[in-house]
Amino acid sequence: MGKELFKEMKKDWYKNTVIYQIYPRSYRDSNGDGYGDIKGIIEKLDYLEYLGIGAIWLSPVFKSPQKDNGYDISDYKDIEPMFGSLADMEELINEADRHGIKIIMDLVLNHSSDKHKWFLEAIKSKDNPYHDYYVFRDGDKDHAPNDMRAVFGGSAWEWVEGLNQYYFHQFTTAQPDLNWDNPKLRQELYDMINFWIDKGVGGFRLDVIDQIAKEPDNFITSNGPKLHKYLRELNQKTFGGKNLVTVGEAWSANIDNAPIYSNPDGSELSMVFQFEHICLDQQEGKDKWDLAPLPFVKFKKILNKWQTELYGKGWNSLFWDNHDLPRIVSRWGNDGKYRVESAKMLATILHGMQGTPYIYQGEEIGMTNIKLNIDEYDDVEIKNMYKERIAAGYSKEEVMNSIYAKGRDNARTPMQWDDSENSGFSISKPWLKVNENYKEINVKNQINDPDSILNYYKRLITLRKENQVFADGKFMMYLEDDDNIFAYERILDNHRLVVICNFYGEMIENPLTDITENLKMVLSNYEKDDDRLRPYEARMYMI
Ligand code: GLC
(Lines give C-alpha, C1' and ligand atoms only; values in the text may rest on other atoms or scores of the structure.)
Protein backbone atom coordinates (compact mmCIF):
# COMPACT_ATOMS: atom_id res chain seq x y z
CA MET A 1 0.00 0.00 0.00
CA GLY A 2 1.95 3.02 1.28
CA LYS A 3 2.51 5.67 -1.35
CA GLU A 4 0.26 3.94 -3.84
CA LEU A 5 -2.82 4.63 -1.75
CA PHE A 6 -3.61 8.05 -3.11
CA LYS A 7 -2.54 7.78 -6.72
CA GLU A 8 -6.06 7.36 -7.94
CA MET A 9 -7.51 10.14 -5.82
CA LYS A 10 -9.04 13.05 -7.61
CA LYS A 11 -6.85 16.14 -7.52
CA ASP A 12 -7.99 18.57 -4.84
CA TRP A 13 -10.08 15.81 -3.22
CA TYR A 14 -10.04 17.78 0.01
CA LYS A 15 -12.39 20.34 -1.54
CA ASN A 16 -15.24 17.85 -1.52
CA THR A 17 -14.58 16.23 1.81
CA VAL A 18 -15.09 16.85 5.50
CA ILE A 19 -12.22 16.38 7.95
CA TYR A 20 -12.73 15.11 11.49
CA GLN A 21 -10.27 16.00 14.23
CA ILE A 22 -9.36 13.40 16.84
CA TYR A 23 -7.65 14.32 20.09
CA PRO A 24 -6.31 10.83 20.75
CA ARG A 25 -6.04 11.07 24.54
CA SER A 26 -9.76 11.62 24.78
CA TYR A 27 -11.27 9.55 21.99
CA ARG A 28 -11.38 5.92 23.00
CA ASP A 29 -9.24 3.98 25.47
CA SER A 30 -8.83 0.37 24.26
CA ASN A 31 -6.47 -0.89 26.97
CA GLY A 32 -8.04 0.57 30.10
CA ASP A 33 -5.24 2.89 31.23
CA GLY A 34 -7.47 5.97 31.26
CA TYR A 35 -5.94 7.47 28.10
CA GLY A 36 -7.29 7.15 24.59
CA ASP A 37 -5.10 5.32 22.07
CA ILE A 38 -4.64 4.36 18.42
CA LYS A 39 -6.34 0.99 18.75
CA GLY A 40 -9.31 2.83 20.23
CA ILE A 41 -9.51 4.94 17.09
CA ILE A 42 -9.39 1.81 14.92
CA GLU A 43 -12.41 0.50 16.89
CA LYS A 44 -14.34 3.60 15.89
CA LEU A 45 -13.64 3.63 12.15
CA ASP A 46 -17.04 2.14 11.38
CA TYR A 47 -18.62 5.05 13.21
CA LEU A 48 -16.53 7.57 11.29
CA GLU A 49 -17.39 5.92 7.99
CA TYR A 50 -21.08 6.10 8.98
CA LEU A 51 -20.69 9.82 9.60
CA GLY A 52 -19.18 10.15 6.14
CA ILE A 53 -15.95 12.00 6.82
CA GLY A 54 -13.08 11.66 4.34
CA ALA A 55 -10.08 12.23 6.58
CA ILE A 56 -9.00 12.29 10.19
CA TRP A 57 -6.73 15.03 11.49
CA LEU A 58 -4.99 13.22 14.29
CA SER A 59 -3.54 15.44 17.02
CA PRO A 60 0.06 14.37 17.75
CA VAL A 61 0.71 10.73 18.66
CA PHE A 62 4.49 10.95 18.32
CA LYS A 63 6.78 10.09 21.19
CA SER A 64 6.46 12.87 23.72
CA PRO A 65 6.86 13.66 27.42
CA GLN A 66 3.31 15.11 27.13
CA LYS A 67 4.13 18.43 28.75
CA ASP A 68 1.74 19.99 26.24
CA ASN A 69 -0.19 16.80 25.43
CA GLY A 70 1.94 15.74 22.50
CA TYR A 71 2.75 19.17 21.08
CA ASP A 72 6.19 18.57 22.58
CA ILE A 73 7.74 15.83 20.44
CA SER A 74 10.83 13.90 21.51
CA ASP A 75 10.92 11.52 18.52
CA TYR A 76 9.12 12.38 15.29
CA LYS A 77 9.54 8.91 13.82
CA ASP A 78 8.15 6.95 16.72
CA ILE A 79 4.81 6.68 18.51
CA GLU A 80 4.22 7.59 22.15
CA PRO A 81 3.74 4.25 24.02
CA MET A 82 0.66 5.65 25.76
CA PHE A 83 -1.00 5.76 22.32
CA GLY A 84 0.44 2.50 20.95
CA SER A 85 3.24 1.50 18.60
CA LEU A 86 4.46 2.25 15.11
CA ALA A 87 2.76 -0.98 14.03
CA ASP A 88 -0.56 0.32 15.46
CA MET A 89 -0.09 3.53 13.50
CA GLU A 90 0.52 1.60 10.28
CA GLU A 91 -2.55 -0.46 11.01
CA LEU A 92 -4.59 2.69 11.54
CA ILE A 93 -3.44 4.14 8.20
CA ASN A 94 -4.32 0.94 6.36
CA GLU A 95 -7.59 0.22 8.17
CA ALA A 96 -8.74 3.80 7.74
CA ASP A 97 -8.00 3.50 4.04
CA ARG A 98 -10.29 0.47 3.86
CA HIS A 99 -13.00 2.72 5.29
CA GLY A 100 -12.27 5.40 2.70
CA ILE A 101 -10.64 7.62 5.29
CA LYS A 102 -7.23 9.26 5.11
CA ILE A 103 -5.02 10.06 8.08
CA ILE A 104 -3.65 13.57 8.45
CA MET A 105 -0.80 13.77 10.93
CA ASP A 106 -0.13 16.77 13.12
CA LEU A 107 3.42 18.01 12.65
CA VAL A 108 4.96 20.28 15.22
CA LEU A 109 7.83 21.84 13.28
CA ASN A 110 8.25 25.08 15.19
CA HIS A 111 9.67 23.44 18.29
CA SER A 112 10.56 20.05 19.70
CA SER A 113 10.48 18.68 23.21
CA ASP A 114 13.39 19.57 25.46
CA LYS A 115 13.84 15.79 25.73
CA HIS A 116 14.46 15.38 21.99
CA LYS A 117 17.94 13.98 21.38
CA TRP A 118 18.79 17.05 19.28
CA PHE A 119 18.14 19.32 22.23
CA LEU A 120 19.90 17.09 24.74
CA GLU A 121 22.95 17.30 22.47
CA ALA A 122 22.50 21.00 21.76
CA ILE A 123 22.81 22.02 25.40
CA LYS A 124 26.04 20.08 25.89
CA SER A 125 28.25 22.74 24.31
CA LYS A 126 28.31 25.55 21.79
CA ASP A 127 30.40 23.38 19.45
CA ASN A 128 27.99 20.49 19.47
CA PRO A 129 26.75 19.80 15.91
CA TYR A 130 23.15 20.06 17.17
CA HIS A 131 23.63 23.35 18.99
CA ASP A 132 22.55 25.36 15.98
CA TYR A 133 19.34 23.33 15.60
CA TYR A 134 17.89 25.61 18.26
CA VAL A 135 17.84 29.32 18.95
CA PHE A 136 20.48 30.15 21.56
CA ARG A 137 21.69 33.59 22.59
CA ASP A 138 24.35 34.80 24.96
CA GLY A 139 23.46 36.70 28.09
CA ASP A 140 24.06 36.49 31.77
CA LYS A 141 21.91 34.79 34.32
CA ASP A 142 20.12 37.94 35.38
CA HIS A 143 19.67 39.51 31.95
CA ALA A 144 17.73 37.69 29.25
CA PRO A 145 18.52 38.78 25.66
CA ASN A 146 15.26 40.74 25.59
CA ASP A 147 11.88 40.88 27.29
CA MET A 148 9.88 38.69 24.88
CA ARG A 149 7.12 36.69 26.54
CA ALA A 150 6.11 33.07 25.92
CA VAL A 151 2.56 32.26 24.80
CA PHE A 152 1.86 30.24 27.93
CA GLY A 153 3.31 32.83 30.29
CA GLY A 154 6.75 33.85 31.54
CA SER A 155 9.84 34.90 29.62
CA ALA A 156 10.47 33.40 26.17
CA TRP A 157 14.11 32.87 27.19
CA GLU A 158 15.37 30.08 29.43
CA TRP A 159 18.83 30.05 30.93
CA VAL A 160 20.95 26.90 30.56
CA GLU A 161 23.34 26.48 33.44
CA GLY A 162 26.78 25.31 32.32
CA LEU A 163 26.24 26.34 28.72
CA ASN A 164 25.76 29.88 29.97
CA GLN A 165 23.31 30.74 27.22
CA TYR A 166 19.60 31.24 26.85
CA TYR A 167 17.37 29.28 24.50
CA PHE A 168 14.26 30.72 22.91
CA HIS A 169 10.84 29.10 23.42
CA GLN A 170 7.58 30.59 22.20
CA PHE A 171 5.56 28.08 24.23
CA THR A 172 6.57 26.30 27.48
CA THR A 173 10.20 25.86 28.56
CA ALA A 174 9.76 22.19 27.57
CA GLN A 175 9.22 23.30 23.94
CA PRO A 176 12.47 24.88 22.67
CA ASP A 177 12.09 26.59 19.28
CA LEU A 178 13.80 24.97 16.32
CA ASN A 179 16.15 27.09 14.22
CA TRP A 180 14.80 27.00 10.66
CA ASP A 181 17.75 29.08 9.47
CA ASN A 182 19.87 25.94 9.77
CA PRO A 183 19.66 23.96 6.48
CA LYS A 184 20.65 20.70 8.19
CA LEU A 185 17.74 21.00 10.60
CA ARG A 186 15.38 21.68 7.73
CA GLN A 187 16.64 18.63 5.86
CA GLU A 188 16.14 16.42 8.94
CA LEU A 189 12.54 17.60 9.15
CA TYR A 190 11.97 16.92 5.45
CA ASP A 191 13.39 13.40 5.77
CA MET A 192 11.06 12.76 8.68
CA ILE A 193 8.04 14.03 6.73
CA ASN A 194 8.95 11.78 3.79
CA PHE A 195 9.15 8.87 6.20
CA TRP A 196 5.45 9.45 7.01
CA ILE A 197 4.50 10.07 3.40
CA ASP A 198 6.02 6.67 2.57
CA LYS A 199 3.79 5.14 5.19
CA GLY A 200 0.75 6.37 3.29
CA VAL A 201 -0.58 9.30 5.30
CA GLY A 202 -3.06 11.55 3.53
CA GLY A 203 -1.54 14.83 4.60
CA PHE A 204 -0.45 17.03 7.42
CA ARG A 205 -1.69 19.68 9.79
CA LEU A 206 1.21 22.00 10.51
CA ASP A 207 1.23 23.34 14.04
CA VAL A 208 1.84 27.11 14.45
CA ILE A 209 3.46 27.11 11.03
CA ASP A 210 3.50 30.91 10.76
CA GLN A 211 5.97 30.98 13.66
CA ILE A 212 8.80 28.89 12.19
CA ALA A 213 10.67 31.85 10.65
CA LYS A 214 11.00 33.72 13.93
CA GLU A 215 13.60 36.41 14.45
CA PRO A 216 13.71 36.96 18.19
CA ASP A 217 16.40 39.64 17.94
CA ASN A 218 13.92 41.69 15.94
CA PHE A 219 10.96 40.73 18.16
CA ILE A 220 9.43 38.76 15.28
CA THR A 221 7.51 35.62 16.15
CA SER A 222 4.89 35.14 13.41
CA ASN A 223 5.23 35.85 9.74
CA GLY A 224 8.99 36.31 9.63
CA PRO A 225 10.50 37.57 6.36
CA LYS A 226 11.72 34.09 5.37
CA LEU A 227 8.47 32.27 6.14
CA HIS A 228 7.23 31.73 2.59
CA LYS A 229 10.68 30.85 1.32
CA TYR A 230 10.82 28.07 3.91
CA LEU A 231 7.28 26.91 3.17
CA ARG A 232 8.02 26.60 -0.53
CA GLU A 233 11.15 24.62 0.16
CA LEU A 234 9.24 22.39 2.58
CA ASN A 235 6.61 21.82 -0.10
CA GLN A 236 9.16 20.97 -2.81
CA LYS A 237 11.16 18.61 -0.65
CA THR A 238 8.19 16.72 0.77
CA PHE A 239 4.47 16.80 -0.02
CA GLY A 240 4.41 19.01 -3.12
CA GLY A 241 2.70 17.47 -6.15
CA LYS A 242 1.67 14.35 -4.22
CA ASN A 243 -2.03 15.07 -3.87
CA LEU A 244 -1.84 15.29 -0.09
CA VAL A 245 -3.82 17.78 1.97
CA THR A 246 -1.91 20.28 4.08
CA VAL A 247 -3.35 22.76 6.52
CA GLY A 248 -1.24 25.23 8.42
CA GLU A 249 -2.25 26.67 11.74
CA ALA A 250 -1.61 30.39 11.35
CA TRP A 251 -2.92 32.73 14.03
CA SER A 252 -1.43 35.65 12.12
CA ALA A 253 -3.02 34.75 8.78
CA ASN A 254 -5.02 37.54 7.19
CA ILE A 255 -6.81 38.00 3.91
CA ASP A 256 -3.68 39.48 2.32
CA ASN A 257 -1.30 36.64 3.11
CA ALA A 258 -3.77 33.71 2.98
CA PRO A 259 -3.59 33.59 -0.85
CA ILE A 260 0.18 33.15 -0.58
CA TYR A 261 -0.13 30.19 1.77
CA SER A 262 -2.90 28.52 -0.18
CA ASN A 263 -2.03 29.56 -3.70
CA PRO A 264 -3.92 27.27 -6.12
CA ASP A 265 -0.61 26.63 -7.91
CA GLY A 266 0.15 24.27 -5.01
CA SER A 267 3.46 25.92 -4.14
CA GLU A 268 2.79 26.05 -0.39
CA LEU A 269 -0.18 24.55 1.48
CA SER A 270 -3.72 23.49 0.63
CA MET A 271 -5.14 25.91 3.21
CA VAL A 272 -4.57 27.60 6.54
CA PHE A 273 -6.57 27.83 9.72
CA GLN A 274 -7.11 31.55 10.21
CA PHE A 275 -8.54 32.85 13.48
CA GLU A 276 -9.90 36.28 12.72
CA HIS A 277 -13.50 35.33 13.50
CA ILE A 278 -12.41 33.17 16.45
CA CYS A 279 -10.75 36.03 18.32
CA LEU A 280 -13.75 38.36 18.33
CA ASP A 281 -15.31 37.58 21.70
CA GLN A 282 -12.51 39.12 23.70
CA GLN A 283 -11.73 42.70 24.71
CA GLU A 284 -9.85 44.60 22.09
CA GLY A 285 -6.08 44.59 22.50
CA LYS A 286 -6.29 42.06 25.34
CA ASP A 287 -6.14 38.30 25.28
CA LYS A 288 -8.67 35.50 25.05
CA TRP A 289 -9.26 35.39 28.82
CA ASP A 290 -10.62 38.95 28.78
CA LEU A 291 -14.14 38.06 27.79
CA ALA A 292 -16.50 40.12 25.65
CA PRO A 293 -19.74 39.29 23.81
CA LEU A 294 -19.49 38.24 20.17
CA PRO A 295 -19.96 41.31 17.93
CA PHE A 296 -22.31 39.55 15.54
CA VAL A 297 -22.29 41.96 12.60
CA LYS A 298 -18.52 42.25 12.65
CA PHE A 299 -18.30 38.46 12.81
CA LYS A 300 -20.44 38.16 9.68
CA LYS A 301 -18.42 40.79 7.86
CA ILE A 302 -15.22 38.89 8.57
CA LEU A 303 -16.60 35.58 7.32
CA ASN A 304 -18.07 37.32 4.30
CA LYS A 305 -14.66 38.82 3.54
CA TRP A 306 -12.92 35.43 3.74
CA GLN A 307 -15.58 33.82 1.55
CA THR A 308 -15.56 36.43 -1.18
CA GLU A 309 -11.96 37.63 -1.22
CA LEU A 310 -10.33 34.20 -1.16
CA TYR A 311 -12.61 32.93 -3.92
CA GLY A 312 -10.46 31.54 -6.75
CA LYS A 313 -7.27 32.74 -5.02
CA GLY A 314 -6.95 30.24 -2.24
CA TRP A 315 -8.96 27.84 -0.15
CA ASN A 316 -10.73 28.29 3.19
CA SER A 317 -10.74 25.94 6.13
CA LEU A 318 -14.04 26.03 7.98
CA PHE A 319 -14.10 25.33 11.69
CA TRP A 320 -15.80 26.40 14.89
CA ASP A 321 -13.76 24.49 17.37
CA ASN A 322 -10.69 22.36 17.96
CA HIS A 323 -8.64 21.07 20.90
CA ASP A 324 -7.57 24.63 21.82
CA LEU A 325 -11.01 26.23 21.72
CA PRO A 326 -14.17 25.96 23.80
CA ARG A 327 -17.14 23.91 22.61
CA ILE A 328 -19.03 25.88 19.98
CA VAL A 329 -22.52 25.08 21.27
CA SER A 330 -21.56 26.55 24.66
CA ARG A 331 -19.69 29.45 23.10
CA TRP A 332 -21.97 30.85 20.41
CA GLY A 333 -24.98 28.59 20.67
CA ASN A 334 -27.09 27.68 23.67
CA ASP A 335 -26.06 24.66 25.69
CA GLY A 336 -29.27 24.66 27.74
CA LYS A 337 -32.81 24.64 26.35
CA TYR A 338 -31.83 25.03 22.70
CA ARG A 339 -28.71 22.88 22.63
CA VAL A 340 -29.95 20.67 19.80
CA GLU A 341 -31.36 23.50 17.69
CA SER A 342 -28.36 25.76 18.11
CA ALA A 343 -25.80 23.00 17.46
CA LYS A 344 -27.55 22.24 14.17
CA MET A 345 -27.80 25.91 13.29
CA LEU A 346 -24.07 26.45 13.77
CA ALA A 347 -23.32 23.36 11.71
CA THR A 348 -25.56 24.60 8.90
CA ILE A 349 -23.79 27.95 8.65
CA LEU A 350 -20.36 26.36 8.62
CA HIS A 351 -20.98 23.48 6.24
CA GLY A 352 -22.74 25.61 3.64
CA MET A 353 -19.77 27.90 3.14
CA GLN A 354 -16.89 27.44 0.72
CA GLY A 355 -13.88 25.60 2.10
CA THR A 356 -13.10 22.33 3.80
CA PRO A 357 -15.22 21.85 6.93
CA TYR A 358 -13.61 20.42 10.06
CA ILE A 359 -15.54 18.66 12.80
CA TYR A 360 -13.90 18.41 16.19
CA GLN A 361 -14.67 15.15 18.01
CA GLY A 362 -17.91 15.40 19.96
CA GLU A 363 -19.09 18.48 18.07
CA GLU A 364 -21.25 16.14 16.00
CA ILE A 365 -23.23 15.19 19.12
CA GLY A 366 -23.31 18.69 20.61
CA MET A 367 -20.86 18.16 23.47
CA THR A 368 -20.61 21.14 25.82
CA ASN A 369 -18.09 23.00 27.96
CA ILE A 370 -17.33 21.79 31.48
CA LYS A 371 -16.79 23.49 34.85
CA LEU A 372 -14.13 21.91 37.06
CA ASN A 373 -12.28 22.88 40.23
CA ILE A 374 -8.93 24.44 39.47
CA ASP A 375 -6.98 21.38 40.65
CA GLU A 376 -9.00 19.11 38.36
CA TYR A 377 -7.74 20.84 35.21
CA ASP A 378 -4.82 19.34 33.30
CA ASP A 379 -3.93 21.96 30.70
CA VAL A 380 -0.62 23.75 31.16
CA GLU A 381 -2.05 26.94 29.66
CA ILE A 382 -4.91 27.04 32.19
CA LYS A 383 -2.58 26.34 35.11
CA ASN A 384 -0.03 28.98 34.15
CA MET A 385 -2.65 31.61 33.47
CA TYR A 386 -4.39 30.89 36.78
CA LYS A 387 -1.17 31.42 38.75
CA GLU A 388 -0.22 34.55 36.85
CA ARG A 389 -3.61 36.22 37.14
CA ILE A 390 -4.15 35.38 40.80
CA ALA A 391 -0.67 36.78 41.53
CA ALA A 392 -1.59 39.88 39.53
CA GLY A 393 -4.60 40.49 41.78
CA TYR A 394 -7.52 39.21 39.70
CA SER A 395 -10.33 37.69 41.77
CA LYS A 396 -10.63 33.91 41.76
CA GLU A 397 -14.17 34.22 40.43
CA GLU A 398 -13.09 36.26 37.45
CA VAL A 399 -10.27 33.88 36.59
CA MET A 400 -12.53 30.83 36.88
CA ASN A 401 -15.12 32.47 34.64
CA SER A 402 -12.46 32.96 31.99
CA ILE A 403 -11.47 29.30 32.27
CA TYR A 404 -15.09 28.14 32.04
CA ALA A 405 -15.51 30.20 28.88
CA LYS A 406 -12.19 29.71 27.11
CA GLY A 407 -10.09 27.02 28.81
CA ARG A 408 -8.73 24.38 26.45
CA ASP A 409 -9.87 21.49 28.67
CA ASN A 410 -13.46 22.31 27.69
CA ALA A 411 -12.75 20.54 24.42
CA ARG A 412 -10.55 17.83 25.85
CA THR A 413 -12.95 15.93 28.11
CA PRO A 414 -13.43 12.30 27.05
CA MET A 415 -15.65 11.53 24.08
CA GLN A 416 -19.17 10.57 25.14
CA TRP A 417 -19.94 7.25 23.45
CA ASP A 418 -22.74 5.91 25.66
CA ASP A 419 -24.36 6.17 29.10
CA SER A 420 -22.20 3.57 30.84
CA GLU A 421 -19.63 4.53 33.47
CA ASN A 422 -16.92 6.84 32.02
CA SER A 423 -19.17 7.38 28.99
CA GLY A 424 -17.89 4.30 27.14
CA PHE A 425 -14.55 6.04 26.77
CA SER A 426 -12.65 3.81 29.18
CA ILE A 427 -13.15 1.11 31.78
CA SER A 428 -10.84 3.05 34.11
CA LYS A 429 -10.80 6.52 35.56
CA PRO A 430 -10.11 8.85 32.63
CA TRP A 431 -7.16 11.28 32.69
CA LEU A 432 -9.63 14.18 32.64
CA LYS A 433 -13.16 14.16 34.05
CA VAL A 434 -16.01 13.12 31.79
CA ASN A 435 -18.68 15.79 31.44
CA GLU A 436 -21.56 14.91 33.77
CA ASN A 437 -24.06 15.32 30.96
CA TYR A 438 -22.81 12.15 29.23
CA LYS A 439 -25.91 10.16 30.21
CA GLU A 440 -27.97 12.40 28.00
CA ILE A 441 -25.42 13.53 25.42
CA ASN A 442 -23.78 10.52 23.81
CA VAL A 443 -23.36 8.77 20.46
CA LYS A 444 -25.51 5.79 21.41
CA ASN A 445 -28.52 8.01 22.08
CA GLN A 446 -28.16 9.79 18.79
CA ILE A 447 -27.14 7.22 16.25
CA ASN A 448 -30.60 5.73 15.75
CA ASP A 449 -32.47 8.98 16.18
CA PRO A 450 -33.11 10.54 12.76
CA ASP A 451 -33.52 13.99 14.38
CA SER A 452 -30.28 13.89 16.33
CA ILE A 453 -27.44 16.37 15.90
CA LEU A 454 -25.30 13.44 14.75
CA ASN A 455 -27.61 12.51 11.90
CA TYR A 456 -27.94 16.17 10.97
CA TYR A 457 -24.14 16.35 10.52
CA LYS A 458 -24.31 13.16 8.49
CA ARG A 459 -26.86 14.76 6.16
CA LEU A 460 -24.77 17.91 5.78
CA ILE A 461 -21.78 15.78 4.81
CA THR A 462 -23.86 13.80 2.30
CA LEU A 463 -25.27 16.97 0.76
CA ARG A 464 -21.75 18.32 0.27
CA LYS A 465 -20.65 15.12 -1.44
CA GLU A 466 -23.61 15.08 -3.78
CA ASN A 467 -23.72 18.73 -4.78
CA GLN A 468 -20.80 20.52 -6.36
CA VAL A 469 -22.26 23.90 -5.40
CA PHE A 470 -20.90 23.35 -1.87
CA ALA A 471 -17.31 23.21 -3.08
CA ASP A 472 -17.45 25.63 -5.99
CA GLY A 473 -20.42 27.96 -5.66
CA LYS A 474 -19.81 31.69 -5.43
CA PHE A 475 -20.72 33.16 -2.04
CA MET A 476 -23.06 36.08 -1.49
CA MET A 477 -24.16 37.21 1.95
CA TYR A 478 -27.65 38.52 2.69
CA LEU A 479 -28.58 41.06 5.37
CA GLU A 480 -25.01 41.68 6.44
CA ASP A 481 -26.08 44.34 8.95
CA ASP A 482 -28.93 42.37 10.49
CA ASP A 483 -28.47 41.75 14.21
CA ASN A 484 -29.93 38.22 14.29
CA ILE A 485 -29.87 36.57 10.88
CA PHE A 486 -26.95 34.79 9.24
CA ALA A 487 -27.98 34.17 5.64
CA TYR A 488 -26.21 33.61 2.36
CA GLU A 489 -26.45 32.12 -1.08
CA ARG A 490 -24.01 30.00 -3.05
CA ILE A 491 -24.33 29.96 -6.84
CA LEU A 492 -22.81 27.60 -9.39
CA ASP A 493 -24.22 27.83 -12.93
CA ASN A 494 -27.93 27.23 -12.40
CA HIS A 495 -27.48 25.56 -9.04
CA ARG A 496 -28.32 27.58 -5.97
CA LEU A 497 -27.87 26.88 -2.29
CA VAL A 498 -29.44 29.21 0.24
CA VAL A 499 -28.85 29.18 3.99
CA ILE A 500 -30.99 31.19 6.38
CA CYS A 501 -30.31 31.03 10.10
CA ASN A 502 -31.53 32.76 13.21
CA PHE A 503 -28.36 33.06 15.29
CA TYR A 504 -30.19 33.84 18.54
CA GLY A 505 -32.95 32.65 20.84
CA GLU A 506 -35.81 35.05 20.00
CA MET A 507 -38.54 34.46 17.43
CA ILE A 508 -38.05 36.92 14.54
CA GLU A 509 -39.52 37.90 11.18
CA ASN A 510 -38.03 36.30 8.08
CA PRO A 511 -37.38 39.03 5.49
CA LEU A 512 -36.03 36.54 2.94
CA THR A 513 -39.16 34.61 1.99
CA ASP A 514 -39.09 35.99 -1.60
CA ILE A 515 -35.66 34.59 -2.22
CA THR A 516 -36.56 31.05 -1.30
CA GLU A 517 -39.97 30.98 -3.02
CA ASN A 518 -39.03 28.52 -5.77
CA LEU A 519 -36.42 26.64 -3.85
CA LYS A 520 -36.69 23.30 -2.14
CA MET A 521 -35.90 23.07 1.54
CA VAL A 522 -33.35 20.27 1.91
CA LEU A 523 -32.55 20.57 5.58
CA SER A 524 -33.92 22.28 8.67
CA ASN A 525 -33.74 21.94 12.43
CA TYR A 526 -37.50 22.42 12.94
CA GLU A 527 -40.19 20.05 11.81
CA LYS A 528 -42.90 22.17 10.25
CA ASP A 529 -42.44 25.29 8.20
CA ASP A 530 -43.32 28.67 9.70
CA ASP A 531 -43.43 32.23 8.37
CA ARG A 532 -41.15 33.44 11.10
CA LEU A 533 -37.76 32.23 12.22
CA ARG A 534 -37.89 30.41 15.53
CA PRO A 535 -35.05 30.35 18.12
CA TYR A 536 -31.85 29.19 16.43
CA GLU A 537 -33.78 28.07 13.38
CA ALA A 538 -31.68 26.92 10.43
CA ARG A 539 -32.89 26.29 6.90
CA MET A 540 -31.02 25.12 3.88
CA TYR A 541 -32.62 25.39 0.41
CA MET A 542 -31.47 24.23 -2.98
CA ILE A 543 -32.40 24.14 -6.63
C1 GLC B 1 -0.81 24.89 18.68
C2 GLC B 1 -1.56 23.70 19.19
C3 GLC B 1 -1.63 23.79 20.69
C4 GLC B 1 -0.22 23.79 21.22
C5 GLC B 1 0.62 24.88 20.58
C6 GLC B 1 2.08 24.65 20.82
O7 GLC B 1 -1.47 26.08 18.90
O8 GLC B 1 -2.80 23.61 18.58
O9 GLC B 1 -2.40 22.78 21.25
O10 GLC B 1 -0.24 23.97 22.61
O11 GLC B 1 0.47 24.92 19.19
O12 GLC B 1 2.53 23.55 20.09
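A: Ala, Val, Leu, Ile, Met, Phe, Trp, Tyr, Cys and Pro count as nonpolar, Asp, Glu, Lys and Arg as charged, and the others, Gly among them, as polar. Keep in mind that this is a predicted model.

Q: OK. How does the lining of the second largest pocket divide by class?

A: Into eight nonpolar, twelve polar and seven charged residues.

Q: Which residues lie nearest the centre of that second largest pocket?

A: Lys11, Asp12, Tyr14, Pro264 and Gly266, out of 27 lining residues. The volume of the second largest pocket is about 500 Å³.

Q: And what volume does the largest pocket have?

A: About 990 Å³. There are 41 residues lining the largest pocket, and Val151, Phe152, Phe171, Lys288 and Glu381 are the closest to its centre.

Q: Which helix gives the largest share of that lining?

A: Helix α11, residues 380-391, with five residues. By class, the lining of the largest pocket has 13 nonpolar, twelve polar and 16 charged residues.

Q: Where does the ligand sit?

A: In the largest pocket. The ligand is surrounded by 14 residues, and the closest are Asp68, Asp207, Glu249, His323 and Asp324.

Q: How far is the side chain of aspartate 324 from the ligand?

A: An N or O atom of the aspartate 324 side chain is 2.5 Å from an oxygen atom of the ligand. For histidine 111, a polar side-chain atom is 2.9 Å from a ligand oxygen. In arginine 205, an N or O atom of the side chain is 3.1 Å from an oxygen atom of the ligand.

Q: How much of the ligand's accessible area does the protein cover?

A: 97% of the 310 Å² that the ligand has on its own.

Q: Which element gives the most to the lining of the largest cavity?

A: α8, with three residues. The lining of the largest cavity includes Leu303, Trp306 and Gln307. By class it has seven nonpolar, five polar and no charged residues.

Q: How does the lining of the second largest cavity divide?

A: It has five nonpolar, one polar and three charged residues. Among the residues that line the second largest cavity are Asp321, Arg327 and Glu363.

Definitions and conventions
Residues numbered from 1 in each chain as written. Predicted model: local features only at pLDDT ≥ 70, side-chain atom pairs only at ≥ 80, totals over all residues. Heavy atoms only, no water. Near = heavy atom within 4 Å. Polar contact = N/O pair within 3.5 Å; in protein donor to acceptor, adjacent residues only side chain to side chain. Areas by Shrake-Rupley, 256 points an atom, 1.4 Å probe, with all protein chains shown as cover. 1 Å grid on protein atoms, 1.4 Å probe; cavity = no way out; pocket = protein on both sides within 12 Å on 5 of 7 lines; lining within 4 Å. Sits in = over half its atoms within 2 Å of the grid points. Points joined across faces, edges and corners; volume = space filled by probe spheres on them. Helix = DSSP H or I, 4+ residues; strand = E, 2+ residues; numbered from the N terminus.
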